[in-house]
Amino acid sequence: MDKYVCLEHVELALDEVVDETEEYPILEEVPAEKNVTCEYCDQPATYLVSSKK
């Protein structure tokens with residue numbers, strides 16, 4: 001499970017990953033040149049929240 005999110009929606013994504021996977025999430029910074037948008041709004045994504053790999 002991967003969620004690209006802006007700074008405003010990081011907490012929401014962390015909660016969703018934990019709720020759905022019951023594992024601790026991994027938080028990684030997204031490079032600006034990747035040019036992806038937040039899954040919850042149209043802001044540029046700052047972080048990638050994912051489940052354990």
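Reader: How many helices and strands does the chain have?
Author: In this predicted model, the chain has one helix and three strands. Read along the sequence, they follow the pattern β-α-β-β. The radius of gyration is 10 Å, close to the 10 Å that the globule rule gives for 53 residues, so the chain is as compact as a globular protein of that length.

Reader: What does the C-alpha trace span along its principal axes?
Author: The C-alpha trace spans about 30 × 20 × 15 Å.

Reader: And which share of the residues is buried?
Author: Buried residues make up 26% of the 53 residues. The chain exposes about 3700 Å², and carbon and sulfur atoms supply 46% of that area.

Reader: What share of the contacts with a separation of 6 or more comes from residues 24 or more positions apart?
Author: Such pairs account for 63% of those contacts.

Reader: Let us turn to single residues. Where is H9, and is it buried or exposed?
Author: H9 is found in the loop between strand 1 (2-5) and helix 1 (10-21). H9 counts as buried because its relative accessible area is 15%, which is under 20%.

Reader: Which residues is H9 in contact with, leaving aside its neighbours within four places in sequence?
Author: H9 is in contact with C38, Y40 and C41.

Reader: Where does K34 sit?
Author: K34 is found in the loop between strand 2 (26-29) and strand 3 (47-50). With a relative accessible area of 44%, K34 is partly exposed. The side chain of K34 makes a polar contact of 3.3 Å with that of Y4.

Reader: How far is K34 from Y24?
Author: The two residues are ten apart along the chain, and the C-alpha atoms of K34 and Y24 are separated by 25 Å.

Reader: What is the phi of E22, and what is that of N35?
Author: Phi of E22 is near 55°, and phi of N35 is near 60°. Both values are positive, in residues other than glycine. Most residues other than glycine have a negative phi.

Reader: Where are these two, and are they buried or exposed?
Author: E22 has its place in the loop between helix 1 and strand 2, and it is exposed at 71% relative accessibility. N35 lies in the loop between strand 2 and strand 3. N35 is also exposed, with a relative accessible area of 69%.

Reader: Finally, how many charged side chains are there?
Author: The chain has 4 positive and 14 negative side chains. The centres of the two sets lie 8 Å apart.

Methods:
Residues numbered from 1 in each chain as written. Predicted model: local features only at pLDDT ≥ 70, side-chain atom pairs only at ≥ 80, totals over all residues. Heavy atoms only, no water. Helix = DSSP H or I, 4+ residues; strand = E, 2+ residues; numbered from the N terminus. Buried < 20%, exposed > 50% of the residue type's maximum accessible area, 1.4 Å probe, protein only. Polar contact = N/O pair within 3.5 Å; in protein donor to acceptor, adjacent residues only side chain to side chain. Rg over C-alpha atoms; globule rule 2.2 N^0.38 Å. Contact = heavy atoms within 4.5 Å. Areas by Shrake-Rupley, 256 points an atom, 1.4 Å probe, with all protein chains shown as cover. Lys, Arg positive; Asp, Glu negative; His and termini not counted. Charge placed at Lys NZ, Arg CZ, Asp CG, Glu CD.
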